[in-house]
Structures are given as C-alpha cells and as structure tokens.
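Here is a short briefing on one chain. Start with the structure, then take the points by topic.

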Amino acid sequence: MNVGPASGPHVGASGTLGALALARPPRERLADPAFRALLVALAAGVLVLLAWFLARLASESQPALSHEGVLGYAFGADWDPAHSRFGAWPLLLGTLASSAVALAIGVP
C-alpha cells in the first residue's frame, strides 16, 4: 500500500499530483474573479499614485529647474534657497560615494 503525503485518489502512477488534484469545484472558485479584480484595481492604483508623485515632483521642482537649468542644477555647487541658488552636485557626489562604498562592502 502506498502511504505518505503524495498518496490519495488523485495521485498518478508516478507519484505526482495529477490535474484532478489541482482542479477545484466551481463553488471554491467563486472568489477568484473578485480577487483578480481587486488585485488589478490595486495595481492600477499604484500606477496612478506613481504618476501623481511624478507630476507633483515636476511641478514643485519647476522654480529651481527654470532658474538654474537642468545642468546648472545637477552640477552646481551652491545650495542657497534664500538667494535662489540651487546646485545639487555635492548631494549627487555624496550619494554616488556612499553607494560606491556600499557596493565595495556588499559585493565581495
């Protein structure tokens, strides 16, 4: 007699689960379309939220980017909002340096 976790009426001759073991009665599948619709709605909500964040970031950064320009903002060294000077090079360089150190520690 075949006794163990893979024994039962739906086990094939090779001991693997057959298609009948994976099939569920229609009553047990009633929630599947609702769950799928919920997941699709949540995924769409995440995409809408991401688009909103990007739009808000673009609108809020417009004064600094219009005054300095993209290259002036990225490679400028002064950050003085009181005098409308925005340069993110020290911030970018610090981010790149700390990422390089983290990679050097974590990769080997």
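**Briefing: helices, nonpolar patch and aromatic rings**

The model is predicted. The chain has four helices and two strands. Their order along the sequence is α-α-α-β-β-α. Of the 108 residues, 6% count as buried.

**Helix H2**

- H2 covers residues 31-68, which makes 38 residues.
- At 1.5 Å a residue, H2 should span 56 Å. The C-alpha atoms at its ends lie 55 Å apart, so the two values agree.
- H2 also has a kink of about 50°, placed at Gln-62.

**Nonpolar surface patch**

- Which residues form the nonpolar patch on the surface? They are Leu-71, Phe-75, Trp-89, Leu-92 and Leu-93.
- Together these residues have about 510 Å² of accessible area.
- Helix H3 (70-75) and helix H4 (89-106) each give the patch at least two residues.
- H4 supplies the largest share, with three residues.
- Leu-93 belongs to the patch and sits in helix H4.
- Is Leu-93 buried, partly exposed or exposed? Its relative accessible area is 43%. Buried means under 20% and exposed means over 50%, so Leu-93 counts as partly exposed.
- In an α-helix, residues three or four places apart point the same way, because there are 3.6 residues a turn.

**Aromatic rings**

- A search of the whole structure gives four aromatic pairs.
- One of the pairs is Trp-52 with Phe-53. The ring centres are 5.5 Å apart and the planes stand at 50°. Stacked pairs need planes under 30 degrees apart and edge-to-face pairs over 60, so Trp-52 and Phe-53 form a tilted pair.
- Both residues of this pair fall in the partly exposed class. Trp-52 has a relative accessible area of 47%. The value for Phe-53 is 45%.
- Which residues form one aromatic cluster? The members are Tyr-73, Trp-79 and Phe-86.

Note on methods
Residues numbered from 1 in each chain as written. Predicted model: local features only at pLDDT ≥ 70, side-chain atom pairs only at ≥ 80, totals over all residues. Heavy atoms only, no water. Expected span 1.5 Å × (residues − 1). Bend = angle between axes of the 7 residues up to and from the residue. Patch = residues over 30% accessible without salt bridge, like charges linked within 9 Å, V, L, I, M, F, W, Y side chains within 5 Å. Areas by Shrake-Rupley, 256 points an atom, 1.4 Å probe, with all protein chains shown as cover. Salt bridge = Lys/Arg side-chain N within 4 Å of Asp/Glu carboxyl O. Buried < 20%, exposed > 50% of the residue type's maximum accessible area, 1.4 Å probe, protein only. Phe/Tyr/Trp six-rings, centres within 6.5 Å; stacked < 30°, edge-to-face > 60°.
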